[in-house]
Amino acid sequence: SALAPPTVSIVPTGAGRPQALDLGPIESITFAGWHPDGRIVIEFARPGGKPVAYLLSPDGRNPAALLPEGVTLRGGNLMSPDGSRIVANDVEGKLVVCTIAAPACQPVPGASDREAVAGWTADGKSLFVYQGQVVPTQIDRLEVASGARSAWKTVRPNFAAVAGLRALIVSPDGALA
């Protein structure tokens with residue numbers, strides 16, 4: 001039997017019915033999240049295509065390309081607190097910060113190869129970054145403008161993590177999830 005193609009629905013947390021989004025044929029969904037103004041951020045691949053990130057209206061309409069070609073979203077809590085920027089990975093996998101109003105990206109100074117993003121600080125000036133392949137995992141604050149880095153916290157799993165940590169998310173107020 002063939003698997004049904006992926007679909008995307010907005011599901012209310014209270015009363016109401018799920019609303020299916022008409023995005024056309026989708027092969028895979030690689031990222032989904034919310035912009036602070038209620039718009040939807042979603043990255044998906046069409047059959048035979050590469051992932052492309054879009055910004056959609058709150059009702060799932062009017063998709064607009066969010067990132068330049070080849071730039072992808074990896075991780076969680078990637079949107080800056082004010083919604084003006086999003087952190088992504090360029091075609092080489094290096095961290096870049098992209099503006100939302102006019103899609104353009106700049107490398108993050110001081111970012112290391114294979115580094116992942118766990119979130120933004122509340123002031124939108126720094127990222128929480130880590131290398132998940134290393135346990136215990138050191139989380140650093142990395143200033144987006146200068147590349148200045150400072151140690152923030154170390155995460156030690158309760159159980160052995162043979163391959164490291166898959167994902168960390170830090171809220172802007174500094175809480176780990």
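Let's start at Thr-121, whose side chain makes a polar contact with the side chain of Asp-123 at 2.6 Å. (A polar contact is a pair of N or O atoms within 3.5 Å; within protein, one must be able to donate a hydrogen and the other to accept it, and residues adjacent in sequence count only if both atoms are side-chain atoms.) This is a predicted model, so local features need pLDDT of at least 70 and side-chain atom pairs count only at pLDDT 80 or more, while totals for chains, interfaces and linings use all residues. Numbering runs from 1 along each chain as its sequence is written, and side-chain values use heavy atoms, with hydrogens and water left out.

Thr-121 sits in the loop between strand S10 (116–120) and strand S11 (126–130); strands here are DSSP runs of E with at least two residues, numbered from the N terminus. With a relative accessible area of 3%, Thr-121 is buried, where buried means under 20% (1.4 Å probe, protein chains only). Setting aside residues up to four places away in sequence, Thr-121 touches Pro-81, Ser-126, Phe-128, Arg-141 and Pro-172, contact being heavy atoms within 4.5 Å.

Now hop over to Asn-89, which belongs to strand S7 (residues 85–89). Asn-89 counts as buried because its relative accessibility is 4%. A polar atom of its side chain lies 2.9 Å from the backbone oxygen of Gly-93. Beyond its neighbours within four places in sequence, Asn-89 has contacts that include Gly-70, Arg-74 and Leu-95.

S7 and S10 each supply at least two lining residues, and S7 gives the most, with three.

S8 and strand S9 (residues 104–107) pair in the antiparallel sense over four bridges, pairing requiring at least two DSSP bridges. Val-97 has Gln-106 in S9 as its bridge partner.

How far to trust all this? The protein's mean pLDDT (the predictor's confidence in each residue, from 0 to 100) is 88, and 94% of residues reach 70 or more. Confidence is highest in strand S8 (residues 95–99), at a mean of 96, and lowest in strand S1 (residues 8–10), at 84.

Conventions:
Buried < 20%, exposed > 50% of the residue type's maximum accessible area, 1.4 Å probe, protein only.
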